[in-house]
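Colleague: I'm new to reading protein models, and I'd like to go through one with you. Could you take me through it feature by feature?

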Amino acid sequence: KYEKAYFMPPVLSYDWVTKDYIDKAPYWCSVDLRDGNQALVEPMSLEEKIEFFQLLVDIGFKEIEVGFPAASETEYNFIRTIIEKNMIPEDVTIQVLTQAREHIIKRTFEALKGAPHAVVHLYNSTSVAQREQVFGKSKEEIKQLAISGAKLLKELGDKTDGNFSFQYSPESFPGTEVDFALEICNAVLDIWKPTQDKKAIINIPTTVENAMPHVFASQVEYISKNLKYRENVVISIHPHNDRGSGVCDAELSLLAGADRIEGTLFGNGERTGNVDIITVAMNMYSHGVDPKLDFGNMPKICETYERLTRMRVYERSPYAGELVFTAFSGSHQDAIAKGMKWREEKGERIWSVPYLPIDPKDIGREYESDVIRINSQSGKGGVSYILKQNFGLSLPEKMKEEVGYFIKNVSDREHKELSPGLIYQVFEEKYVHNA
Ligand code: KIV
Ligand code: ZN
(Lines give C-alpha, C1' and ligand atoms only; values in the text may rest on other atoms or scores of the structure.)
(Ligands and ions follow the chains in the order given, each with its own letter.)
Protein backbone atom coordinates (compact mmCIF):
# COMPACT_ATOMS: atom_id res chain seq x y z
CA LYS A 1 0.00 0.00 0.00
CA TYR A 2 2.84 2.43 0.75
CA GLU A 3 5.89 3.38 -1.19
CA LYS A 4 8.46 6.18 -1.04
CA ALA A 5 6.92 9.38 -2.37
CA TYR A 6 9.93 11.69 -2.28
CA PHE A 7 12.47 12.58 -4.94
CA MET A 8 16.23 12.44 -4.49
CA PRO A 9 18.08 15.38 -6.05
CA PRO A 10 19.87 14.54 -9.31
CA VAL A 11 23.26 15.45 -7.82
CA LEU A 12 24.29 14.52 -4.29
CA SER A 13 27.28 15.89 -2.44
CA TYR A 14 26.65 15.37 1.28
CA ASP A 15 29.59 17.75 1.92
CA TRP A 16 27.88 18.83 5.11
CA VAL A 17 28.08 15.44 6.87
CA THR A 18 31.58 16.32 7.99
CA LYS A 19 30.26 19.22 10.09
CA ASP A 20 29.36 18.21 13.63
CA TYR A 21 27.62 21.28 15.00
CA ILE A 22 25.84 24.45 13.95
CA ASP A 23 28.27 27.26 14.59
CA LYS A 24 26.00 30.27 14.29
CA ALA A 25 22.39 31.17 14.93
CA PRO A 26 20.14 31.01 11.87
CA TYR A 27 17.45 33.61 11.25
CA TRP A 28 14.48 32.40 13.27
CA CYS A 29 10.92 32.96 12.15
CA SER A 30 8.09 32.02 14.51
CA VAL A 31 5.00 30.68 12.77
CA ASP A 32 3.12 30.15 16.08
CA LEU A 33 0.51 32.74 15.24
CA ARG A 34 -0.17 31.26 11.79
CA ASP A 35 0.68 27.53 11.38
CA GLY A 36 0.47 26.95 15.14
CA ASN A 37 -2.76 28.86 15.55
CA GLN A 38 -4.51 27.34 12.52
CA ALA A 39 -4.03 23.85 14.01
CA LEU A 40 -5.53 24.64 17.43
CA VAL A 41 -8.85 23.12 18.45
CA GLU A 42 -9.81 26.61 19.55
CA PRO A 43 -7.75 29.24 17.70
CA MET A 44 -6.55 32.20 19.75
CA SER A 45 -8.71 35.29 20.16
CA LEU A 46 -7.42 38.72 19.18
CA GLU A 47 -6.34 39.49 22.76
CA GLU A 48 -4.65 36.10 23.08
CA LYS A 49 -2.77 36.64 19.82
CA ILE A 50 -1.57 40.00 21.09
CA GLU A 51 -0.24 38.42 24.30
CA PHE A 52 1.42 35.59 22.35
CA PHE A 53 2.99 38.12 19.98
CA GLN A 54 4.46 39.94 23.00
CA LEU A 55 5.84 36.64 24.34
CA LEU A 56 7.59 35.99 21.00
CA VAL A 57 9.04 39.51 20.99
CA ASP A 58 10.30 39.03 24.57
CA ILE A 59 11.99 35.75 23.60
CA GLY A 60 13.81 37.68 20.90
CA PHE A 61 12.15 36.68 17.62
CA LYS A 62 12.90 39.26 14.94
CA GLU A 63 10.65 37.67 12.32
CA ILE A 64 7.11 36.61 13.18
CA GLU A 65 4.50 35.23 10.79
CA VAL A 66 1.45 36.85 12.30
CA GLY A 67 -1.28 35.22 10.27
CA PHE A 68 -3.15 34.58 7.06
CA PRO A 69 -5.15 37.81 6.86
CA ALA A 70 -7.57 36.55 4.23
CA ALA A 71 -8.45 33.49 6.33
CA SER A 72 -10.65 35.07 9.02
CA GLU A 73 -11.82 38.35 10.54
CA THR A 74 -9.79 37.69 13.70
CA GLU A 75 -6.62 37.22 11.65
CA TYR A 76 -7.27 40.41 9.70
CA ASN A 77 -8.19 42.46 12.77
CA PHE A 78 -5.19 41.24 14.72
CA ILE A 79 -2.83 42.43 11.99
CA ARG A 80 -4.63 45.77 11.74
CA THR A 81 -4.45 46.18 15.53
CA ILE A 82 -0.72 45.59 15.88
CA ILE A 83 -0.03 47.96 12.98
CA GLU A 84 -2.44 50.72 14.04
CA LYS A 85 -1.45 50.60 17.70
CA ASN A 86 2.28 50.62 16.84
CA MET A 87 2.85 47.36 18.69
CA ILE A 88 5.56 46.08 16.34
CA PRO A 89 9.04 46.95 17.61
CA GLU A 90 11.34 48.67 15.13
CA ASP A 91 13.62 45.64 14.83
CA VAL A 92 10.82 43.09 14.34
CA THR A 93 9.45 42.21 10.91
CA ILE A 94 5.98 40.74 10.61
CA GLN A 95 5.20 38.21 7.90
CA VAL A 96 1.81 37.33 6.41
CA LEU A 97 0.77 34.33 4.34
CA THR A 98 -1.15 34.44 1.08
CA GLN A 99 -2.21 31.98 -1.59
CA ALA A 100 -1.36 32.79 -5.19
CA ARG A 101 -4.89 34.08 -5.92
CA GLU A 102 -5.67 37.64 -6.92
CA HIS A 103 -8.40 38.53 -4.40
CA ILE A 104 -6.46 36.93 -1.54
CA ILE A 105 -3.28 38.80 -2.42
CA LYS A 106 -5.21 42.09 -2.60
CA ARG A 107 -6.81 41.48 0.81
CA THR A 108 -3.36 40.68 2.20
CA PHE A 109 -1.96 44.01 1.06
CA GLU A 110 -5.00 45.79 2.56
CA ALA A 111 -4.22 44.14 5.89
CA LEU A 112 -0.65 45.44 5.72
CA LYS A 113 -1.48 49.10 5.04
CA GLY A 114 0.70 51.34 7.20
CA ALA A 115 3.21 48.63 8.15
CA PRO A 116 6.71 50.11 7.90
CA HIS A 117 8.16 46.77 6.82
CA ALA A 118 6.84 43.27 6.28
CA VAL A 119 7.38 40.01 4.45
CA VAL A 120 4.59 38.88 2.13
CA HIS A 121 4.71 35.10 1.95
CA LEU A 122 3.30 33.60 -1.24
CA TYR A 123 2.68 29.87 -1.66
CA ASN A 124 1.12 27.38 -3.99
CA SER A 125 1.06 23.63 -4.01
CA THR A 126 3.48 21.91 -6.37
CA SER A 127 3.46 18.14 -5.62
CA VAL A 128 2.47 15.40 -8.05
CA ALA A 129 -0.45 14.41 -5.79
CA GLN A 130 -1.82 17.94 -5.49
CA ARG A 131 -1.36 18.65 -9.21
CA GLU A 132 -3.24 15.50 -10.18
CA GLN A 133 -5.81 15.08 -7.43
CA VAL A 134 -6.61 18.56 -6.13
CA PHE A 135 -5.98 21.05 -8.93
CA GLY A 136 -6.05 18.94 -12.08
CA LYS A 137 -3.28 21.15 -13.46
CA SER A 138 -0.14 20.48 -15.45
CA LYS A 139 3.34 21.38 -14.26
CA GLU A 140 3.32 24.42 -16.54
CA GLU A 141 -0.02 25.63 -15.18
CA ILE A 142 1.21 25.27 -11.60
CA LYS A 143 4.35 27.22 -12.48
CA GLN A 144 2.26 29.95 -14.12
CA LEU A 145 0.16 30.24 -10.96
CA ALA A 146 3.30 30.96 -8.95
CA ILE A 147 4.55 33.41 -11.58
CA SER A 148 1.29 35.37 -11.73
CA GLY A 149 1.16 35.51 -7.91
CA ALA A 150 4.77 36.73 -7.82
CA LYS A 151 4.00 39.42 -10.41
CA LEU A 152 1.03 40.72 -8.44
CA LEU A 153 3.10 40.84 -5.24
CA LYS A 154 5.73 42.89 -7.04
CA GLU A 155 3.16 45.22 -8.60
CA LEU A 156 1.34 45.88 -5.31
CA GLY A 157 4.59 45.99 -3.34
CA ASP A 158 5.97 48.68 -5.69
CA LYS A 159 2.88 50.81 -5.01
CA THR A 160 3.08 50.79 -1.20
CA ASP A 161 5.05 53.15 1.01
CA GLY A 162 6.11 50.27 3.24
CA ASN A 163 9.32 48.39 2.74
CA PHE A 164 7.93 44.97 1.83
CA SER A 165 9.97 41.97 0.87
CA PHE A 166 8.77 38.67 -0.52
CA GLN A 167 8.92 34.99 0.31
CA TYR A 168 7.88 32.04 -1.83
CA SER A 169 7.09 28.46 -0.68
CA PRO A 170 6.55 25.52 -3.02
CA GLU A 171 3.97 23.98 -0.69
CA SER A 172 3.92 20.14 -0.59
CA PHE A 173 7.60 20.25 -1.57
CA PRO A 174 8.29 16.70 -0.26
CA GLY A 175 6.08 15.21 -2.98
CA THR A 176 7.44 17.52 -5.68
CA GLU A 177 10.20 16.61 -8.16
CA VAL A 178 13.21 18.52 -6.76
CA ASP A 179 14.15 19.90 -10.18
CA PHE A 180 10.62 21.13 -10.75
CA ALA A 181 10.55 22.87 -7.35
CA LEU A 182 13.86 24.51 -8.25
CA GLU A 183 12.47 25.59 -11.65
CA ILE A 184 9.45 27.28 -10.02
CA CYS A 185 11.56 29.00 -7.36
CA ASN A 186 13.89 30.32 -10.05
CA ALA A 187 10.94 31.52 -12.13
CA VAL A 188 9.56 33.42 -9.12
CA LEU A 189 13.00 34.92 -8.43
CA ASP A 190 13.23 36.05 -12.08
CA ILE A 191 10.15 38.20 -11.38
CA TRP A 192 11.38 39.58 -8.05
CA LYS A 193 15.02 40.02 -9.08
CA PRO A 194 16.30 40.20 -5.49
CA THR A 195 19.27 42.41 -4.65
CA GLN A 196 21.56 42.79 -1.64
CA ASP A 197 19.31 45.61 -0.40
CA LYS A 198 16.08 43.75 -1.07
CA LYS A 199 16.62 40.06 -0.54
CA ALA A 200 13.96 37.45 -1.23
CA ILE A 201 13.24 34.37 0.85
CA ILE A 202 12.78 30.90 -0.64
CA ASN A 203 11.14 28.71 1.97
CA ILE A 204 11.35 24.93 1.61
CA PRO A 205 8.67 23.17 3.64
CA THR A 206 8.26 19.55 4.61
CA THR A 207 4.53 20.19 4.41
CA VAL A 208 4.07 16.52 5.29
CA GLU A 209 7.39 15.05 6.41
CA ASN A 210 7.86 11.93 4.26
CA ALA A 211 11.60 11.23 4.15
CA MET A 212 14.59 10.71 6.39
CA PRO A 213 16.36 13.89 7.56
CA HIS A 214 19.44 13.43 5.36
CA VAL A 215 17.18 13.16 2.31
CA PHE A 216 15.50 16.48 3.07
CA ALA A 217 18.86 18.09 3.86
CA SER A 218 20.30 16.93 0.53
CA GLN A 219 17.25 18.39 -1.26
CA VAL A 220 17.88 21.68 0.55
CA GLU A 221 21.55 21.53 -0.40
CA TYR A 222 20.69 20.95 -4.05
CA ILE A 223 18.24 23.86 -4.16
CA SER A 224 20.68 26.10 -2.31
CA LYS A 225 23.50 25.32 -4.75
CA ASN A 226 21.40 25.73 -7.89
CA LEU A 227 19.22 28.69 -7.08
CA LYS A 228 19.58 31.86 -9.17
CA TYR A 229 20.50 35.10 -7.34
CA ARG A 230 21.72 32.89 -4.48
CA GLU A 231 23.70 35.64 -2.75
CA ASN A 232 20.54 37.75 -2.62
CA VAL A 233 18.28 34.96 -1.40
CA VAL A 234 17.71 33.69 2.13
CA ILE A 235 17.07 29.94 2.11
CA SER A 236 14.51 29.14 4.72
CA ILE A 237 13.22 25.75 5.86
CA HIS A 238 9.86 24.90 7.36
CA PRO A 239 9.98 21.39 8.81
CA HIS A 240 6.89 19.56 10.01
CA ASN A 241 7.14 16.57 12.28
CA ASP A 242 5.06 13.72 10.82
CA ARG A 243 7.90 11.20 11.18
CA GLY A 244 9.04 12.71 14.48
CA SER A 245 12.21 14.08 12.86
CA GLY A 246 11.46 17.80 12.51
CA VAL A 247 14.42 18.80 14.69
CA CYS A 248 16.78 16.51 12.72
CA ASP A 249 15.48 17.96 9.43
CA ALA A 250 16.21 21.42 10.74
CA GLU A 251 19.68 20.68 12.08
CA LEU A 252 20.89 18.77 9.02
CA SER A 253 19.43 21.39 6.67
CA LEU A 254 21.27 24.15 8.50
CA LEU A 255 24.49 22.18 8.00
CA ALA A 256 23.54 21.71 4.35
CA GLY A 257 23.19 25.42 3.61
CA ALA A 258 19.86 26.75 4.95
CA ASP A 259 19.99 30.22 6.53
CA ARG A 260 16.66 30.43 8.29
CA ILE A 261 14.14 28.28 10.16
CA GLU A 262 10.41 28.62 10.48
CA GLY A 263 8.96 26.80 13.47
CA THR A 264 6.99 27.12 16.67
CA LEU A 265 7.32 26.92 20.44
CA PHE A 266 6.98 23.33 21.65
CA GLY A 267 6.35 22.22 18.05
CA ASN A 268 2.72 23.31 17.90
CA GLY A 269 1.30 23.19 14.36
CA GLU A 270 -0.59 21.10 11.85
CA ARG A 271 -0.97 17.37 12.79
CA THR A 272 2.22 16.36 14.66
CA GLY A 273 3.29 19.96 14.52
CA ASN A 274 6.00 22.20 13.14
CA VAL A 275 9.61 21.92 14.23
CA ASP A 276 10.11 22.86 17.88
CA ILE A 277 12.31 25.94 17.81
CA ILE A 278 13.06 25.65 21.53
CA THR A 279 14.79 22.31 21.00
CA VAL A 280 16.82 23.48 17.98
CA ALA A 281 17.89 26.65 19.80
CA MET A 282 18.70 24.95 23.10
CA ASN A 283 20.63 22.18 21.31
CA MET A 284 22.86 24.93 19.92
CA TYR A 285 23.09 26.52 23.36
CA SER A 286 24.24 23.20 24.87
CA HIS A 287 27.11 23.24 22.34
CA GLY A 288 28.19 26.67 23.58
CA VAL A 289 26.70 28.59 20.61
CA ASP A 290 24.47 31.60 21.32
CA PRO A 291 21.15 30.91 19.56
CA LYS A 292 20.09 34.59 19.91
CA LEU A 293 16.79 33.57 21.49
CA ASP A 294 16.27 33.88 25.22
CA PHE A 295 14.68 30.90 27.01
CA GLY A 296 15.93 32.02 30.42
CA ASN A 297 12.42 31.98 31.90
CA MET A 298 11.04 28.68 30.66
CA PRO A 299 8.42 28.33 33.43
CA LYS A 300 6.81 31.59 32.31
CA ILE A 301 7.00 30.59 28.64
CA CYS A 302 5.32 27.24 29.43
CA GLU A 303 2.60 28.88 31.51
CA THR A 304 1.79 31.50 28.85
CA TYR A 305 1.85 28.95 26.04
CA GLU A 306 -0.46 26.52 27.87
CA ARG A 307 -2.92 29.23 28.84
CA LEU A 308 -3.14 30.82 25.38
CA THR A 309 -3.15 27.71 23.18
CA ARG A 310 -5.02 25.41 25.58
CA MET A 311 -2.35 22.83 24.71
CA ARG A 312 -0.11 21.10 27.23
CA VAL A 313 3.69 21.03 27.40
CA TYR A 314 4.51 17.33 27.48
CA GLU A 315 6.38 16.28 30.65
CA ARG A 316 9.29 15.02 28.55
CA SER A 317 9.36 17.89 26.05
CA PRO A 318 13.12 18.61 25.59
CA TYR A 319 14.44 21.35 27.89
CA ALA A 320 10.95 22.43 28.97
CA GLY A 321 8.87 19.51 30.25
CA GLU A 322 8.26 19.14 33.97
CA LEU A 323 10.35 15.96 34.25
CA VAL A 324 13.28 16.65 31.95
CA PHE A 325 15.75 17.41 34.73
CA THR A 326 14.32 15.05 37.31
CA ALA A 327 16.12 12.02 38.68
CA PHE A 328 14.12 9.53 40.75
CA SER A 329 16.57 6.68 40.55
CA GLY A 330 19.13 6.33 43.33
CA SER A 331 22.19 5.93 41.11
CA HIS A 332 21.30 8.98 39.01
CA GLN A 333 20.63 11.08 42.13
CA ASP A 334 23.93 10.03 43.59
CA ALA A 335 25.88 10.83 40.41
CA ILE A 336 24.21 14.22 40.04
CA ALA A 337 24.85 15.16 43.68
CA LYS A 338 28.52 14.14 43.33
CA GLY A 339 28.84 15.97 40.01
CA MET A 340 27.42 19.17 41.50
CA LYS A 341 29.76 18.94 44.50
CA TRP A 342 32.78 18.28 42.25
CA ARG A 343 31.88 21.25 40.10
CA GLU A 344 31.55 23.53 43.12
CA GLU A 345 34.80 22.38 44.72
CA LYS A 346 36.77 22.74 41.47
CA GLY A 347 35.13 26.03 40.51
CA GLU A 348 34.57 24.38 37.13
CA ARG A 349 33.13 26.63 34.41
CA ILE A 350 32.23 24.09 31.72
CA TRP A 351 29.07 22.12 32.45
CA SER A 352 29.59 18.35 32.64
CA VAL A 353 27.31 17.18 35.47
CA PRO A 354 26.16 13.59 34.77
CA TYR A 355 22.58 13.11 33.62
CA LEU A 356 21.87 16.84 33.23
CA PRO A 357 22.30 18.02 29.61
CA ILE A 358 22.35 21.67 30.71
CA ASP A 359 22.26 23.58 33.98
CA PRO A 360 18.52 23.80 34.84
CA LYS A 361 19.14 27.27 36.28
CA ASP A 362 19.95 28.59 32.78
CA ILE A 363 16.30 28.28 31.84
CA GLY A 364 14.90 29.34 35.20
CA ARG A 365 14.44 25.89 36.72
CA GLU A 366 15.40 25.05 40.29
CA TYR A 367 17.99 22.39 40.99
CA GLU A 368 16.56 22.07 44.51
CA SER A 369 12.95 21.26 43.61
CA ASP A 370 13.25 19.98 40.04
CA VAL A 371 16.11 17.53 40.10
CA ILE A 372 16.02 15.26 43.15
CA ARG A 373 12.56 13.78 43.69
CA ILE A 374 11.72 10.75 45.80
CA ASN A 375 9.74 7.63 44.93
CA SER A 376 10.29 3.88 45.27
CA GLN A 377 13.24 4.03 42.84
CA SER A 378 15.22 6.51 44.94
CA GLY A 379 18.23 5.93 47.16
CA LYS A 380 19.52 7.03 50.53
CA GLY A 381 21.39 10.02 49.08
CA GLY A 382 18.20 11.55 47.67
CA VAL A 383 16.28 11.39 50.96
CA SER A 384 19.08 12.87 53.05
CA TYR A 385 19.57 15.55 50.39
CA ILE A 386 15.88 16.56 50.65
CA LEU A 387 15.97 16.63 54.47
CA LYS A 388 19.09 18.78 54.47
CA GLN A 389 18.08 21.09 51.63
CA ASN A 390 14.50 21.74 52.74
CA PHE A 391 14.62 21.37 56.52
CA GLY A 392 18.27 21.94 57.39
CA LEU A 393 18.45 18.45 58.87
CA SER A 394 21.87 16.84 58.48
CA LEU A 395 21.59 13.10 59.05
CA PRO A 396 24.62 11.38 60.57
CA GLU A 397 26.36 9.25 57.92
CA LYS A 398 25.38 6.02 59.72
CA MET A 399 21.66 6.88 59.70
CA LYS A 400 21.40 7.80 56.01
CA GLU A 401 20.95 4.30 54.71
CA GLU A 402 18.29 3.23 57.22
CA VAL A 403 16.25 6.45 56.84
CA GLY A 404 16.58 6.32 53.04
CA TYR A 405 15.31 2.74 52.85
CA PHE A 406 12.53 3.37 55.36
CA ILE A 407 11.20 6.34 53.41
CA LYS A 408 11.51 4.80 49.96
CA ASN A 409 9.63 1.73 51.25
CA VAL A 410 6.76 3.98 52.29
CA SER A 411 6.66 5.30 48.72
CA ASP A 412 6.79 1.73 47.37
CA ARG A 413 3.89 0.58 49.59
CA GLU A 414 1.74 3.61 48.82
CA HIS A 415 2.69 3.72 45.15
CA LYS A 416 3.33 7.43 45.04
CA GLU A 417 5.98 10.11 44.95
CA LEU A 418 6.74 11.66 48.35
CA SER A 419 6.88 15.45 48.51
CA PRO A 420 9.52 17.05 50.78
CA GLY A 421 6.75 17.83 53.31
CA LEU A 422 5.61 14.22 53.39
CA ILE A 423 9.18 12.96 53.69
CA TYR A 424 9.69 15.14 56.72
CA GLN A 425 6.38 14.00 58.24
CA VAL A 426 7.27 10.30 57.80
CA PHE A 427 10.73 10.94 59.19
CA GLU A 428 9.36 12.83 62.19
CA GLU A 429 6.77 10.15 63.05
CA LYS A 430 9.30 7.34 62.91
CA TYR A 431 12.44 8.94 64.29
CA VAL A 432 11.24 11.81 66.50
CA HIS A 433 7.86 10.85 67.97
CA ASN A 434 8.73 7.14 68.26
CA ALA A 435 12.25 7.70 69.45
O1 KIV B 1 3.69 23.43 5.74
C2 KIV B 1 3.62 24.18 4.76
O3 KIV B 1 3.88 23.79 3.61
C4 KIV B 1 3.17 25.54 4.97
C5 KIV B 1 3.35 26.49 3.85
C6 KIV B 1 2.26 27.47 3.76
C7 KIV B 1 4.70 27.10 3.94
O8 KIV B 1 2.78 25.89 6.07
ZN1 ZN C 1 3.43 24.44 7.64
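Colleague: Let me start with one residue. Which residues does His238 touch, not counting residues up to four places away in sequence?

Modeller: Keep in mind that this is a predicted model. Leaving out residues up to four places away in sequence, His238 touches Ser169, Asn203, Ile204, Pro205 and Glu262. As for its place, His238 sits in strand E7, which covers residues 233-238.

Colleague: Is His238 buried or exposed?

Modeller: The idea is to count neighbours: a residue is buried if 20 or more other C-beta atoms lie within 10 Å of its own. His238 has 27 other C-beta atoms within 10 Å, so it is buried.

Colleague: Which residues does the "binding site" annotation cover?

Modeller: According to the unreviewed UniProt entry, the "binding site" annotation covers Asp35, His238, His240 and Asn274. These residues span 240 residues in sequence, yet no two of their C-alpha atoms are more than 10.4 Å apart, so they gather at one spot.

Colleague: And where does Asp35 lie?

Modeller: Asp35 is part of helix H1, residues 32-38. With 23 other C-beta atoms within 10 Å, Asp35 is buried. If you set aside its neighbours within four places in sequence, Asp35 is in contact with Thr264, Gly269, Glu270 and Asn274.

Colleague: Now for helices. How do I read the way H14 and H15 pack?

Modeller: In general, two packed helices are described by the angle between their axes and the distance between the axes. Here, helix H14 (residues 380-391) and helix H15 (residues 397-414) pack at an angle of about 95°, and their axes are 8 Å apart. H14 and H15 are therefore roughly perpendicular to each other. On the H14 side, the contact is made by Lys380, Val383 and Ser384. H15 brings Lys400, Glu401, Val403, Gly404, Tyr405, Ile407 and Lys408. Sorted by type, the residues of this contact are four nonpolar, two polar and four charged.

Colleague: What about the inside? Which residues touch the most other members of the largest nonpolar core?

Modeller: The general idea first: in soluble globular proteins, nonpolar side chains tend to be buried together. In this model, the largest nonpolar core has 109 residues, and Val66, Val96, Cys185, Val220 and Ile278 touch the most other members. Helix H7, residues 178-192, gives the most to this core, with eight residues. Take Ile278 as an example: not counting residues up to four places away in sequence, it touches Leu265, Phe266, Phe295, Tyr319 and Ala320.

Colleague: You mentioned H7. What is phi like at Ser172, in the loop between strand E5 and H7?

Modeller: Ser172 has a positive phi of about 65°, although it is not a glycine. Ser172 counts as buried, with 23 C-beta neighbours inside 10 Å. Now look at the loop between H7 and strand E6 (200-205), where you'll find Lys193. Lys193 is not a glycine either, and its phi is positive, near 40°. Lys193 has 12 C-beta neighbours inside 10 Å, so it counts as exposed.

Colleague: Let's zoom out. How many helices and strands does the chain have?

Modeller: The chain has 16 helices and eight strands. Its C-alpha atoms fill a box of roughly 85 × 50 × 45 Å along the principal axes. Of its 435 residues, 44% count as buried. As for contacts between residues at least 6 apart in sequence, 73% join residues at least 24 apart.

Conventions: Residues are numbered from 1 along each chain as its sequence is written. Chains are lettered from A and ligands numbered from 1 in the order in which they are written. This is a predicted model: local features need pLDDT of at least 70, side-chain atom pairs count only at pLDDT 80 or more; totals for chains, interfaces and linings use all residues. UniProt positions are given in the numbering used here, feature names are shortened, and annotations may be inferred rather than shown by experiment. Helices (H or I, at least four residues) and strands (E, at least two) are DSSP runs, numbered from the N terminus. Two residues are in contact if their C-beta atoms, placed from the backbone, lie within 7 Å. Axes are lines fitted to C-alpha atoms, for helices over the stretch in contact, and angles run from 0 to 180 degrees between N-to-C directions. Angles under 35 degrees count as roughly parallel, over 145 as roughly antiparallel, 65 to 115 as roughly perpendicular and the rest as oblique. Ala, Val, Leu, Ile, Met, Phe, Trp, Tyr, Cys and Pro count as nonpolar, Asp, Glu, Lys and Arg as charged, and the others, Gly among them, as polar. A nonpolar core is a set of buried Ala, Val, Leu, Ile, Met, Phe, Trp, Tyr and Cys residues joined through C-beta atoms within 7 Å.
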